[in-house]
Amino acid sequence: IGIFLGAIAGYFGGTLDQVIMRVVDVFLAFPPILLALLLVAVIGSSVFSVTVALGLIYWTAYARVIRSSILALK
C-alpha cells in the first residue's frame, strides 16, 4: 500500500500528492498500535487479522520514503 501510494504521489504530484499525504498525516495522528487493536477487534482475533491490521497501519512510513525518493529522482 505504502509503496504504491508513495510512488503515485511522488510521480504525479499536485493535488493527488496533497490528498495522499493528508491521508498519511491522518493515519500518523493516531497511535498505530491502538488503530491496529481496533482493526483486530472489528475483523476478529486471529494471526491473519493481526497481520492484516499491522500492514494496514504501518504503510505510512513506506509511502513517505518512496514519495521522497521519487521526488529526488524526478
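Asp 25 forms a salt bridge with Arg 64, with the closest N and O atoms 2.2 Å apart. A salt bridge is taken here as a side-chain nitrogen of Lys or Arg within 4 Å of a carboxyl oxygen of Asp or Glu. The pair links distant parts of the chain: Asp 25 sits in helix 2 and Arg 64 in helix 5, 39 residues apart. Helices (H or I, at least four residues) are DSSP runs, numbered from the N terminus. The model is predicted; local features need pLDDT of at least 70, side-chain atom pairs count only at pLDDT 80 or more, and totals for chains, interfaces and linings use all residues. Residues are numbered from 1 along each chain as its sequence is written, and side-chain values use heavy atoms, with hydrogens and water left out.

The structure holds three salt bridges. Asp 25 also pairs with Arg 22, the closest N and O atoms being 2.7 Å apart. Both residues lie in helix 2, three residues apart, about one turn of the helix.

Asp 17 forms a salt bridge with Arg 67, with 2.7 Å between the closest N and O atoms. This pair, too, links distant parts of the chain: Asp 17 in helix 2 (residues 14-28) and Arg 67 in helix 5 (residues 59-73), 50 residues apart. Asp 17 is buried, at 7% relative accessible area. Arg 67 is partly exposed, at 22%.

Terms used:
Helices (H or I, at least four residues) and strands (E, at least two) are DSSP runs, numbered from the N terminus. Buried means under 20% relative accessible area, exposed over 50%, partly exposed in between (1.4 Å probe, protein chains only).
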